[in-house]
Amino acid sequence: MPVAPLTDLLAIPARHLPARIAAGDTTAEAVTAAYLGRIAAVEPDIRAWAHLVPEQASAEARLRDREATGLMRGVPVAVKDVFDTHDLPTAYGSAAYPADNQPPRDAAAVAVIRAAGAVVLGKTVTTEFAGFDPGPTQHPRRPGTTPGGSSSGSAAAVASGMAPLGFGTQTSGSIIRPAAFCGVAGFKPTFGLLDRTGVKALADSLDTVGLLARDVRDLAFFAAVLRGDPGWAVADGPQPPPRLAVFRTPVWHRAEPASQQAVEAAATAAAQAGATLVEFDDPDDFEALLAAHDAVMRWEVPRALAHERLAHLDRLRPKTRTLVEPTPPASAAEHLAALTIAAVARVRWNMALRGLGLDGILTLAAPGEAPAGLGSTGDAMFNRVWTLLYLPCVAVPAGDGRGGLPVGVQLVGAWGEDARTLAAAAFVEDALLRSMR
């Protein structure tokens with residue numbers, strides 16, 4: 001299914017929209033109308049949205065035009081349906097809640113962007129409680145193919161031009177993997193640096209608010225506003241050549257050639273553009289970290305969803321039931337042991353990254369191109385360890401695989417070095433674009 005090219009207004013980078021609106025080149029209402037028109041044209045085929053009230057988005061845009069302030073003034077944003085919104089229903093992708101379930105307040109991240117002048121376009125489809133049971137969203141470029149998950153609706157909306165920016169969350173691989181599958185940029189920041197108050201919990205030690213955008217600089221713009229740190233933004237134009245390591249994980253052999261080749265191509269392009277590439281040895285037992293992530297999930301998910309398990313088990317979908325009633329369940333001792341393994345590993349990985357002076361590790365983002373079918377959102381094996389380690393991760397689009405669908409690469413940075421990681425990712429993105437011309 002080819003996606004029609006964007007009109008001139010829709011093609012403006014999100015980071016440029018506030019200045020264009022302030023200069024009188026366009027208005028927030030006109031920008032929102034253009035995106036709503038795009039939604040009307042392509043949403044019937046893609047089904048990325050859970051809740052849409054066009055009149056409400058238009059009214060919010062007119063308010064932004066009257067206010068004439070804000071770092072995100074007039075920028076439309078798609079909000080994953082695990083973020084509470086005071087004026088749109090939030091059902092968490094589950095029949096355990098009525099479709100019109102209305103929280104009394106916005107999630108903190110939503111409140112922050114609204115205060116900055118953004119326009120909430122609507123709520124996007126999530127897997128049930130950001131777990132493993134998919135929603136109806138189709139891949140923007142191939143019907144009957146998953147866009148990934150759990151942030152499936154936001155990834156598909158951004159990839160198809162229905163929104164310039166989208167909220168996601170990641171507990172395993174729910175931002176990086178759909179970004180790679182859909183050919184967009186995705187950002188999972190250092191754990192805890194973006195507030196998740198008002199976001200439905202799945203696993204408290206892992207849940208991370210993250211973002212999706214068409215390119216890395218738009219991601220950085222979005223993240224800088226949310227964090228309140230202008231240093232996270234990445235300027236247009238060349239970035240300083242970073243110091244990178246290519247990390248072919250111990251599960252490298254489980255990736256398809258398309259993903260492996262994307263990492264090798266990104267490394268070559270970055271080196272040709274001036275990046276320094278160094279050797280990197282795994283400072284830990286990767287398989288043990290995968291097992292620790294699993295143990296944390298098996299203990300925390302049944303507790304985060306205790307109400308839904310006890311009151312609405314019959315309404316939960318099969319994979320969610322497996323999550324809330326895992327076999328075998330994790331004991332408190334296993335959970336503590338997993339948290340201990342993770343805490344020790346975080347120190348080791350940060351010492352390794354900082355000791356080599358790395359701006360980032362270049363590695364796999366997903367197993368390959370998006371798999372056919374809508375019964376699964378794909379495997380998070382190349383994301384789970386980085387989520388457990390609390391490290392900032394950026395998915396960078398890397399062209400198409402042989403099957404004709406997008407592939408991506410992942411840049412992983414040191415704890416708290418989100419600005420540095422985003423800048424390095426922008427450098428890699430630029431280098432890849434030049435190499436593909």
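Colleague: How many salt bridges does a search of the whole structure find?
Modeller: The search finds 19 salt bridges, each being a side-chain nitrogen of Lys or Arg within 4 Å of a carboxyl oxygen of Asp or Glu. This is a predicted model, in which local features need pLDDT of at least 70, side-chain atom pairs count only at pLDDT 80 or more, and totals for chains, interfaces and linings use all residues. Residues are numbered from 1 along each chain as its sequence is written, and side-chain values use heavy atoms, with hydrogens and water left out.

Colleague: Which residue forms a salt bridge with Arg64?
Modeller: Glu60 does, with the closest N and O atoms 2.9 Å apart. Glu60 and Arg64 are four residues apart in helix α3 (residues 54-67), so about one helical turn separates them. Helices are DSSP runs of H or I with at least four residues, numbered from the N terminus.

Colleague: Where does Arg114 lie?
Modeller: The side chain of Arg114 meets that of Glu60 in a salt bridge of 3.0 Å, N to O. Arg114 lies in helix α4 (residues 108-115) and Glu60 in helix α3, so the pair ties together parts 54 residues apart in sequence.

Colleague: Are Arg114 and Glu60 buried or exposed?
Modeller: Both Arg114 and Glu60 are buried, where buried means under 20% relative accessible area, exposed over 50% and partly exposed in between (1.4 Å probe, protein chains only).

Colleague: Changing topic, why is α7 largely enclosed by the rest of the structure?
Modeller: Because 11 of its 12 residues are buried. Among them are Val216, Phe221 and Leu226.

Colleague: What comes just after α7?
Modeller: Gly228, which takes a positive phi of about 70°.

Note on methods: Helix = DSSP H or I, 4+ residues; strand = E, 2+ residues; numbered from the N terminus.
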